[in-house]
Amino acid sequence: MLSVNTTLLNAERRPAKPRISERKSVSQASNEISQQTRWMLAVRDSRDRDAFVKLFDFFAPRLKGFIMRSGTSSHQAEEIVQDVMLTIWRKAAQFDPHRAQVSAWVYQIARNRQIDLARKENRPLPEELKEDPGQEQDASQILGVEQETAKLRLALKTLNPDQREIIEQAYMGELTHHEISAKTGIPLGTIKSRIRLGLARLRHELKDLTQ
Amino acid sequence: MSAVTHHVPDAMLAAYAAGRLPKAFAAVIAAHISLCEDCRAALGAHHALGGAILEETSKVDVSTALKSDVLDLLDSPFTPEPVYERKGVYPGPVMELLKGREPKWKTLGMGVRQDILFGDAEGSVRLLFIPPGQAVPDHSHNGLELTLVLQGSFSDETGVFGVGDLEVADEHLEHTPIAGEGAPCICLAATDAPLRFRAFVPRLMQPLFRI
């Protein structure tokens, strides 16, 4: 887990997206990029098995806990974890740290695979974005996505237990969209503003890609 | 693409991220996101929140066999799922429903045509072809209806919908969409009415023939 250090807190006061001249080089910023992201990039770019083992040790027990919370047996949960971890290895090329933190990418895979396996059908997914293969890795953008995610995590911690429960139920797939809509009467302002901030950043990045 | 003005409601996007939308609706959302940068970014933010919850979930130890099984399987051959590319006005998720084929239009009368792409107990999704200026008969629905414009446009009591726009209608909306001038309007439409051809077709035909 990312610890909330002073770098992240200071980042609150930084502009949403640094100007080009302020962008850090990969080497400058790479020390600040989280371990998970570095492991995932090593898996993606060098098929690094040791890095994959690290990812497995980090995510497999969390995935198992996450899947079992909605009532799945330990045995079935392990089958899903196996599938998710193999999907992470096989689809590593689709991981883009400029757009998603590792846990966000793993969450997406986990939800889709869990449902696909239960229903024996494929969830409809949007087209993958096609990126310019020559695009340079932008460490400050990667760091920015991580910082937004860290802020989201902080915002989650400020929720009271009831609010937190609803958010967890929603993202574990236990609520229909009608139920999610109906329950937004509960003040989720912090979470929502974080989502909007993250949204603005991601949208900015997407616009950069298409220019 | 940037002209998209009607988007996915946030609760629906959260339910989509969590894999909770019925497949027929999920297909329309996936198609919309393929055409809409804003909603792709918003989906990214929902995944980030899901990922944050996943990281915070209490860990449950996995068996040692699971790890060795996964590592053994890393090099085993596997068949990647087919990727359906966008073709003409049809984004990837629609091509997936079409399984790569051209639409097989069936006439409903007055130049209106449809191709039912998928249906299960939770909903069905179809392509609709509406000639310019043609009214789609006033149709009430039992529940939710999502309509995504793929070509041309339509307008109804709630506004004008162009390519990429998504209309979300519930059972309270009585509307009479009329296709805009210019290119015929092609839409992807999902309803949660069970797939009943006999019930759907006469209801659609009735006002057309004024019977």
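**View 1. Strands E2 and E3 of chain B pair in an antiparallel arrangement.** In this predicted model, strand E2 (residues 112-120) of chain B is joined to E3(B) by seven bridges. The two strands, E2(B) and E3(B), form a hairpin, and two residues lie between them. Within this pairing, B:Phe118 has B:Val125 of E3(B) as its bridge partner.

**View 2. Strand E3 of chain B also pairs with strand E9 of chain B.** E9 (residues 185-191) of chain B runs antiparallel to E3(B), and seven bridges join the two. Here B:Ser124 stands opposite B:Thr191 of E9(B).

**View 3. Strand E3 (residues 123-130) of chain B is mostly covered.** Eight of the eight residues of E3(B) are buried. In a regular strand, side chains alternate between the two faces of the sheet. In E3(B), B:Gly123, B:Val125, B:Leu127 and B:Phe129 point one way. B:Ser124, B:Arg126, B:Leu128 and B:Ile130 point the other way, and the residues of both sets are all buried.

**View 4. B:Leu148 lies in strand E4 (residues 145-151) of chain B.** B:Leu148 is classed as buried because 30 other C-beta atoms lie within 10 Å, where 20 or more are required. Leaving aside residues up to four places away in sequence, B:Leu148 touches B:Val28, B:Ala31, B:His32, B:Leu166, B:Cys187 and B:Leu188. B:Ala190 is 42 residues from B:Leu148 along the chain, and the C-alpha atoms of these two residues are separated by 8.9 Å.

**View 5. Chain A contains 10 helices and zero strands.** Along the sequence, chain A follows the pattern α-α-α-α-α-α-α-α-α-α. Of the 211 residues in chain A, 37% are buried. Among contacts in chain A with a separation of 6 or more, 72% are between residues 24 or more positions apart.

**View 6. Chain A meets chain B through 60 residues of chain A in contact with 51 residues of chain B.** The elements giving two or more residues to the side of chain A that touches chain B are helices H4 (49-69), H5 (74-90), H6 (102-119), H7 (139-157), H8 (161-171), H9 (177-182) and H10 (189-210) of chain A. H4(A) provides the largest share of that side, with 10 residues. By class, the side of chain A that touches chain B comprises 30 nonpolar, 14 polar and 16 charged residues.

Definitions and conventions. Residues numbered from 1 in each chain as written. Chains lettered and ligands numbered in written order. Predicted model: local features only at pLDDT ≥ 70, side-chain atom pairs only at ≥ 80, totals over all residues. Buried ≥ 20, exposed ≤ 12 C-beta atoms within 10 Å, placed from the backbone. Helix = DSSP H or I, 4+ residues; strand = E, 2+ residues; numbered from the N terminus. Pairing = 2+ DSSP bridges. Contact = placed C-beta atoms within 7 Å. Nonpolar A, V, L, I, M, F, W, Y, C, P; charged D, E, K, R; others polar.
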